[in-house]
Amino acid sequence: MTRAPIKFKDAVGRKFSFPWHLCKSWKGMETLINQAFLHVDGIGKHVHEGHYDLVGPDGEIILPQVWETMVKP
């Protein structure tokens with residue numbers, strides 16, 4: 001069964017759809033975020049250093065430690 005993707009909107013307003021199997025773990029999501037910001041001037045360096053928060057659809061911050069228990073496709 002194919003799971004629905006995770007919808008992701010970044011700090012500069014770009015929208016992504018990440019396949020569930022690639023972002024269900026924090027490590028996988030972190031990898032995708034880093035790839036998305038490879039060529040973004042200014043903010044890209046901060047993202048690669050881990051200086052960001054992920055915010056859920058209701059405005060709550062999702063910590064890396066609880067990613068796998070909080071995020072659903």
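Guide: We begin with accessibility: a residue is buried under 20% relative accessible area, exposed over 50%, and partly exposed in between, with a 1.4 Å probe and protein chains only. In this predicted model, local features need pLDDT of at least 70 and side-chain atom pairs count only at pLDDT 80 or more, while totals for chains, interfaces and linings use all residues. Residues are numbered from 1 along each chain as its sequence is written, and side-chain values use heavy atoms, with hydrogens and water left out.

Visitor: Is Phe8 buried or exposed?

Guide: Phe8 has a relative accessible area of 11%, so it is buried. Phe18, at 7%, is also buried, whereas Phe16, at 22%, is partly exposed.

Visitor: How is a pair of aromatic rings described?

Guide: One gives the distance of the centres and the angle of the planes. Rings of Phe, Tyr and Trp (its six-membered ring) pair if their centres lie within 6.5 Å; planes under 30 degrees apart count as stacked, over 60 as edge-to-face and the rest as tilted. By this rule there are 4 aromatic pairs here. In one of them, Phe8 and Phe16 have ring centres 6.0 Å apart and planes at 45 degrees, so this pair is tilted. Phe8 also pairs with Phe18, at 5.4 Å centre to centre and 25 degrees between the planes, and that pair is stacked.

Visitor: Which parts of the chain does the pair of Phe8 and Phe18 tie together?

Guide: Here we need strands and helices, which are DSSP runs numbered from the N terminus: helices are H or I of at least four residues, strands E of at least two. Phe8 lies in strand β1 (residues 6-9) and Phe18 in strand β2 (residues 15-18), so the pair ties together parts 10 residues apart in sequence. Ring pairs link Phe8, Phe16 and Phe18 into a cluster.

Visitor: What is a salt bridge?

Guide: Side chains of opposite charge can pair when their charged atoms come close. The rule asks for a side-chain nitrogen of Lys or Arg within 4 Å of a carboxyl oxygen of Asp or Glu. The whole structure holds 3 salt bridges. Arg14 and Asp10 form one of them, at 2.6 Å from N to O; Arg14 is partly exposed at 30% relative accessibility, while Asp10 is buried at 7%. Another joins Glu30 and Lys27, at 3.7 Å from N to O. Both residues lie in helix α2 (residues 26-36), 3 residues apart, about one turn of the helix. Lys27 is exposed, with a relative accessible area of 59%, and Glu30 is partly exposed, with 23%. Lys45 and Glu49 also form a salt bridge, their closest N and O atoms being 3.1 Å apart.

Visitor: Over the face of which residue does Arg14 lie?

Guide: A charge sits over a ring if NZ of Lys or CZ of Arg is within 6 Å of the ring centre and within 35 degrees of the ring normal. Arg14 lies over the face of Phe37, at 5.2 Å from the ring centre.

Visitor: Which feature does UniProt place at residues 3-73?

Guide: UniProt positions are given in the numbering used here, feature names are shortened, and annotations may be inferred rather than shown by experiment. The unreviewed UniProt entry places "domain: Ubiquitin-like" at residues 3-73. This span is 35% helix and 17% strand, and its end C-alpha atoms lie 6 Å apart.
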